[in-house]
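Please have the sequence and the model open while reading.

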Amino acid sequence: MSFARKESEFLSEIGLSSRNLGCYVDGTWKANGPVVTSVNPANNQAIAEVVEGSVEDYEEGMRACSEAAKIWMQVPSPKRGEIVRQIGDALRTKLQELGRLVSLEMGKILPEGIGEVQEIIDMCDFCVGLSRQLNGSVIPSERPNHAMLEMWNPLGIVGVITAFNFPCAVLGWNACIALVCGNCVVWKGAPTTPLITIAMTRLVAGVLEKNNLPPAIFTSFCGGADIGQAIAKDTRISLVSFTGSSKVGLMLQQTVNQRFGKCLLELSGNNAIIIMDDADIQLAVHSVLFAAVGTAGQRCTTCRRLLLHESIYQRVLDQLLDVYKQVKIGNPLEKGNLLGPLHTSESRKNFERGIEIIKSQGGKILIGGSVIESEGNFVQPTIVEISPNADVVKEELFAPVLYVMKFQTLQEAIEINNSVPQGLSSSIFTRKPEIIFKWIGPLGSDCGIVNVNIPTNGAEIGGAFGGEKATGGGREAGSDSWKQYMRRSTCTINYGNELPLAQGINFG
């Protein structure tokens, strides 16, 4: 079936049609749930239909996945790395098309859409090397003729529940590592980006088929809360990685904990940039623009609070207002636009409600503050002057709204940075080493990402990504995040003929 609009015709090049089955179950596309329509947020027009999965589809997929796990975990990890390498190569061949789909269905500008897919390619490259470095320790034993070592083994099945704002990159952070660690992956994509879920799955499935591997190694579902709840309750899934709001993440964590499963949570952010009086102001202003306006303020690492030293407050603010006036807003697929739409019409309503709350709590709108009358979900990038003690500042408004506030001392700025429930990302702009090292030290930022002279967003995959407090405490992507996707066994081996006990105990 052909697409209704010309802008969607390229989707046939990545295996999509005007009506799609939304579950990949044991090598077969099927679905027995409700039919939903994927909508372009730039004009609220239909892109294509998707049949979502049912709980019965989920159960069939999990049975096959459980059997596939017995095979996949026995494949040597460098061989698993070779499969992930091939996934990366397959992504390279469809980089432009997949990036365009991300832009079309999610609403972020095209360079960001392509960048999101590139991030998965980078993760594939990283994990190829990782597949030869899943090392355990050899530990000195206090007992003669004994050896002590660590073994890392697969968990079995990893569930991945992703959000609309990074509809495929977050899958890459999790799935690439999970696969090289020997786990099967069960993915539930965001309900409002089902076409990305299907297109990504088709690509991975093609690699598994080409290598004559069980297709259920990678199982995916388009669906709603019923599929998410099934994943949370399923004892066959050892680890559930969830990206979303702190409210939903807490409920999911409680469900998973009740069955003694593991959770990896990437939840809300409320990120601050601090600009000291010695900062490179031009560099800082450019960084704030990207951090606050990029992805229409819908990144978990979006800068939502800007803390300015009182001596440079007006100077920075004037420059920031100037660059905000130059931001081009429009169709995210058109070159030159920096601000696309919010993802849904409900997001636009939330923006309007948020602005009213801000005003009621003493916030002064310096620029923006209104929706843009159009068929899409466009809003104005907004800067608000407000007290750091206002209740609304403690919450995450998922839109391009930036709160600006003054401070006098570094200590005051750090206290404001740390005063919110969330603890994802933070950044300071300064040239002074003594400030930098206090900021990154034990009395500095309490976030999982602590930057200097760069934005709060745009993290590289080589470092562990995640945050503290209400952000959930999970870590994905680089560094030693892989350890969350495996189980550690401490093994003590007696290769002698006697039985000396630890701590010098003599037992008979």
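A search of the whole structure, which is a predicted model, turns up zero disulfides. C181, for instance, is in no disulfide, and the nearest cysteine sulfur, that of C127, is 7.6 Å away. Salt bridges are present, and the structure holds 17 of them.

**Cysteines**

- A disulfide is a covalent bond between the sulfur atoms of two cysteines.
- C181 is buried, and its relative accessible area is 0%.
- For C300, the closest cysteine sulfur is in C447, at 12 Å, and this is too far for a bond.
- C300 has a relative accessibility of 16% and therefore counts as buried, since the cut-off for buried is under 20%.

- R85 and D89 form a salt bridge through their side chains, with 2.6 Å from N to O.
- Helix α2 covers residues 77–93, and R85 and D89 are four residues apart in this helix, so about one helical turn separates them.
- D89 also forms a salt bridge with R92, where the closest N and O atoms are 3.1 Å apart.
- D89 and R92 are three residues apart in helix α2, so about one helical turn separates this pair.
- How exposed is R85? R85 is partly exposed, with a relative accessible area of 34%.
- D89 counts as partly exposed at 31% relative accessibility, and R92 counts as partly exposed at 38%.

**A salt bridge between R236 and D234**

- Which residue does R236 meet in a salt bridge? The partner is D234, and the distance between the two side chains is 2.9 Å from N to O.
- Is D234 buried or exposed? D234 counts as buried, at 7% relative accessibility.
- R236 has a relative accessibility of 29% and counts as partly exposed.

**A network of salt bridges**

- Salt bridges that share partners join E82, R85, D89, R92 and D125 into one network.

Notes
Residues are numbered from 1 along each chain as its sequence is written. This is a predicted model: local features need pLDDT of at least 70, side-chain atom pairs count only at pLDDT 80 or more; totals for chains, interfaces and linings use all residues. Side-chain values use heavy atoms; hydrogens and water are left out. A disulfide is a pair of cysteine sulfur atoms within 2.5 Å. Buried means under 20% relative accessible area, exposed over 50%, partly exposed in between (1.4 Å probe, protein chains only). A salt bridge is a side-chain nitrogen of Lys or Arg within 4 Å of a carboxyl oxygen of Asp or Glu. Helices (H or I, at least four residues) and strands (E, at least two) are DSSP runs, numbered from the N terminus.
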